Amino acid sequence: MTALSSPPARLLHLDALRGFALLGILLVNIGAFASAFFGLGVGDPQFAGPLDRAVRWAVALLFETKFYLLFSFLFGYSFSLQMDSAERAGKAFVPRMRRRLLGLLLLGLAHAVLLYLGDILSTYALLGLVLLALRGCADGQLQRWARRLIGLTALAWALLGLLLLMTSSGGFAPELQAQALAAQQAYVESPASVVAQHLRELPSTLGVVWLVQAPCALAMFLLGRLAGGRRWFEGEGWREGLRQWAPRGRPALGLALGLLGSVCYASVAAMALGDGWTLLALALDLLTAPFLTLSYVLGLMALFQRPAGARWLAWLAPAGRMALSNYLLQSLVCALIFTAYGLGLMGQVAPLGGVLIALALFAAQLCLSGWWLDRFAYGPVEWLLRALTLASWPRMRKQAG
């Protein structure tokens, strides 16, 4: 693919990591499109067989709470690259970044209202302001803040889980099941009811996002900023740098802890043991998920260094270069499949079917991304966001030669 010759070679690894993150995010998000029971802590009675449970368990084990962390880390790393870009161009960085974050916020709000409530772009936009304020912090301070954010978030959810175990005589399963059935009906009724349901659920969804995802995402922003400031991915610095973040400097131990937390989280969710146990498992997962994300990065970077990994690099990098366009396209296609915007199949596709649809969609995006970047310099949404960032119209088509 000629698109791979455009960016500096050192950036291909970052792009490929972003492309891989897109796959993990899609495999999680499609569950929310396919069933209104997703994320409520109660099982979908329509798909409660052993295979359905096994697929949901595997997705929770390997993908949930891990891949938005990877995306967040790469956001922080790119933040450093954009600082350098503004400096080389002789432009003020802060106004540029504020315009970029405003664009992300507007895209995210439209995404949440029209397509997918679990939007992360608006959260990134607001957290980006925090990162902007902390951009001058020393590396040690960034690392301490990241650890505290993750630790305190996990502790808060653990305490809430313990409180529920001590005070609650029963769960909220009947109410949650009724809520899910009502939501599912709204999502397949009409396009107007889809938007109305999004607006009804938006306050509670934002609460969950900001109490669960946002602190951990900010922590990964800070670690990405640290890594970007040291230019880890421009050489071999990533090896030693990422190893230092593993427990006791041992990536194998980090992988073991990450898997342990993930197994507990996925198993408790699959068994539906109750709200208190679910929150305790979530707390453990929040604490250990960064280690599993770190293991993914180490494994992929090692793969990309090998001759056999060159093909994976070539396929994933174009998708990662236009990650924003692909992220929004994933939501659009899923909305057309599962809601009243199109086929209205919510509640009718088994978890395994959802995974297969996600894999097929991602494969199509890999092909489309390579084709697009052979002809154009940016993805369509990336081009629009870049125009807003630079306050000028960048060239869209690639220059000949």
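Axes here are lines fitted to C-alpha atoms, for helices over the stretch in contact, and angles run from 0 to 180 degrees between N-to-C directions. This is a predicted model, in which local features need pLDDT of at least 70 and side-chain atom pairs count only at pLDDT 80 or more, while totals for chains, interfaces and linings use all residues. Residues are numbered from 1 along each chain as its sequence is written, and side-chain values use heavy atoms, with hydrogens and water left out. Helices are DSSP runs (H or I, at least four residues), numbered from the N terminus.

**Helix 4 and helix 15**

- The axes of helix 4 (residues 93-114) and helix 15 (residues 380-390) come within 7 Å of each other and cross at roughly 140 degrees.
- That angle makes helix 4 oblique to helix 15, where angles under 35 degrees count as roughly parallel, over 145 as roughly antiparallel, 65 to 115 as roughly perpendicular and the rest as oblique.
- The crossing is right-handed, a term used if the near helix is turned clockwise from the far one by less than a right angle, and left-handed if anticlockwise.
- Helix 4 contributes R96, R99, R100, G103, L104 and L107 to the contact (heavy atoms within 4.5 Å), and helix 15 contributes V381, L385, L388, T389 and L390.
- These residues divide into 6 nonpolar, 2 polar and 3 charged, with Ala, Val, Leu, Ile, Met, Phe, Trp, Tyr, Cys and Pro counted as nonpolar, Asp, Glu, Lys and Arg as charged, and the others, Gly among them, as polar.

**Helix 6 and helix 8**

- Helix 6 (residues 139-167) packs against helix 8 (residues 191-229) at an angle of about 165 degrees, with the axes 9 Å apart, and the two are therefore roughly antiparallel.
- Their crossing is left-handed, and the residues in contact include W145, L149 and W157 of helix 6 and P215, C216 and L222 of helix 8.
- By class, this contact has 15 nonpolar, 2 polar and 2 charged residues.

**Helix 2**

- The 13 residues of helix 2 (residues 50-62) should span 18 Å at 1.5 Å a residue, and the end C-alpha atoms are 18 Å apart, which agrees; the expected span is 1.5 Å times one less than the number of residues.

**L17 in helix 1**

- L17 lies in helix 1 (residues 9-34) and is buried, with a relative accessible area of 0%.
- Leaving aside neighbours within four places in sequence, L17 is in contact with L70, L74, F233, V297, L300, M301 and F304.
- L17 and A317 are 300 residues apart in sequence, yet 7.6 Å apart in space, C-alpha to C-alpha.

Terms used. Buried < 20%, exposed > 50% of the residue type's maximum accessible area, 1.4 Å probe, protein only.
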